[in-house]
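Subject: Structure handover

Hi,

Here's the structure I promised to pass on.

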Amino acid sequence: MRAVYPGSFDPVTFGHLDIIGRAARLADELIIGVLKNNAKSPLFSLEERVRMLEEVTKDYHNVKVEAFEGLLVDFARKRDIDMIVRGLRAVTDFESELQMAQTNHKLEERVETVFLTTRLEYSYLSSTIVREVAAFGGDISQFVPDIVGQRIQEKMDERRRV
Ligand code: PNS
């Protein structure tokens with residue numbers, strides 16, 4: 001079975017990596033679908049987000065990183081994907097995730113959404129929190145892999161210079 005774990009990944013966190021590791025055991029092949037979202041102005045470009053994900057998942061033989069644009073179900077159809085994986089951190093995630101899963105199911109019956117509950121130690125964690133802590137000079141080493149931490153630091157230094 002081929003699955004997709006979609007998201008913005010701006011940037012990838014230990015919470016995402018926890019879900020990736022567990023989803024990679026459930027699926028034969030796991031595609032990390034990185035949304036090219038022009039509406040939001042991301043901290044990292046699509047290429048940077050894809051590259052970081054490739055680096056931090058390089059040890060998984062059945063995980064691939066791909067960018068996608070438009071509807072997730074269209075990407076799923078094109079790539080013969082049967083399952084969408086999403087992480088649930090807390091009850092606050094539930095409403096929007098339910099809505100998204102039901103919409104996706106309406107649009108494409110063949111594709112099922114499966115939720116994995118985030119490990120308790122990462123239940124507070126989000127890319128938004130990471131960006132915020134980093135912007136104010138806080139220590140993000142508990143939230144993201146080292147290479148991601150370095151890239152964020154470079155980004156912040158770049159921004160301070162302009
Ligand atoms: O990391 P995020 O921002 O929580 O991920 C959201 C994502 C990428 C899964 C979602 O926005 C998405 O699938 N966008 C593509 C457009 C689409 O198919 N929307 C679902 C119909 S409601």
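α4 gives the shell around the ligand its largest share, 3 residues; helices (H or I, at least four residues) and strands (E, at least two) are DSSP runs, numbered from the N terminus. Bear in mind that this is a predicted model, where local features need pLDDT of at least 70 and side-chain atom pairs 80 or more, while totals for chains, interfaces and linings use all residues. Residues are numbered from 1 along each chain as its sequence is written, and side-chain values use heavy atoms, with hydrogens and water left out.

The shell holds 13 residues, with Ser8, Gly70, Leu71, Leu72 and Arg86 the closest (a residue counts if one of its heavy atoms lies within 4 Å of the ligand).

- Ser8, through a polar side-chain atom, at 2.7 Å
- Leu72, through a backbone N or O atom, at 2.8 Å
- Arg86, through a polar side-chain atom, at 2.9 Å

On its own the ligand exposes 550 Å², and the protein buries 71% of that (Shrake-Rupley, 1.4 Å probe).

Pockets are open sets on a 1 Å grid over the protein atoms alone, for a 1.4 Å probe, with protein on both sides within 12 Å along at least five of seven lines; lining residues have an atom within 4 Å of a point. The lining has 38 residues, including Lys40 among those nearest the centre.

Cheers

Notes. A polar contact is a pair of N or O atoms within 3.5 Å; within protein, one must be able to donate a hydrogen and the other to accept it, and residues adjacent in sequence count only if both atoms are side-chain atoms.
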